[in-house]
Amino acid sequence: MVTSNYLDCSLETAEEILRYAEEEFDKALKTGDILLYRNAADKAFLSMIIAINAYISSKMGVIPKSHSERRSLLRKMDREDLRAIYSDVMKTLHEEAFYN
């Protein structure tokens, strides 16, 4: 079973990565650096993955290894709300960072 220490560390890691993403995003907007913008989007998404994995691990005792497994486990947990948000953010960040 996943320990509360693992959950705490994971959430702290997710928050730290999100702070880096925010810093890079601010710099990207100021400088117009598209690569920095893409890095910020990647970090924001990684932060979400780590937080969702921690949540799933705390409830089910497993760590998802892929996007599809993550979505499937959220469905099994009756968390269609989180599954939908996860999918929307993944799609939006990817499209915004790499196709605009």
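Hi everyone. Helices here are DSSP runs of H or I with at least four residues, numbered from the N terminus. Axes are lines fitted to C-alpha atoms, for helices over the stretch in contact, and angles run from 0 to 180 degrees between N-to-C directions.

This is a predicted model, where local features need pLDDT of at least 70, side-chain atom pairs count only at pLDDT 80 or more, and totals for chains, interfaces and linings use all residues. Residues are numbered from 1 along each chain as its sequence is written, and side-chain values use heavy atoms, with hydrogens and water left out.

A word on confidence, then: pLDDT is the predictor's confidence in each residue, from 0 to 100. The protein has a mean of 91, and 94% of its residues reach 70 or more. Helix α3 has the highest confidence, at 96, while α4 has the lowest, at a mean of 89.

Now to the α3 and α4 pair. Helix α3 covers residues 67–76 and helix α4 residues 80–99; their axes are 7 Å apart and the packing angle is about 155 degrees. That makes α3 roughly antiparallel to α4, a label for angles over 145 degrees. Which residues of α3 meet α4? They are H67, R70, R71, L74 and R75, and their partners in α4 are E80, L82, R83, Y86, S87 and M90. Contact here means heavy atoms within 4.5 Å. For the classes, Ala, Val, Leu, Ile, Met, Phe, Trp, Tyr, Cys and Pro count as nonpolar, Asp, Glu, Lys and Arg as charged, and the others, Gly among them, as polar.

Helix α2, residues 34–60, crosses α3 at roughly 45 degrees, and the two axes come within 11 Å. That makes α2 oblique to α3, the class left over once angles under 35, over 145 and from 65 to 115 degrees are taken out. On the α2 side, F45, I49, I52, N53, Y55, I56 and M60 meet H67, R70, L73 and L74 of α3. Those residues divide into eight nonpolar, two polar and one charged.

Let me finish with two residues. Beyond its neighbours within four places in sequence, N53 touches I63, P64 and R70. K65 sits in the loop between α2 and α3 and is exposed at 73%, the cut-off being over 50% (1.4 Å probe, protein chains only). The C-alpha atoms of K65 and N53 are 9.0 Å apart.

Note on methods. Helices (H or I, at least four residues) and strands (E, at least two) are DSSP runs, numbered from the N terminus. Buried means under 20% relative accessible area, exposed over 50%, partly exposed in between (1.4 Å probe, protein chains only).
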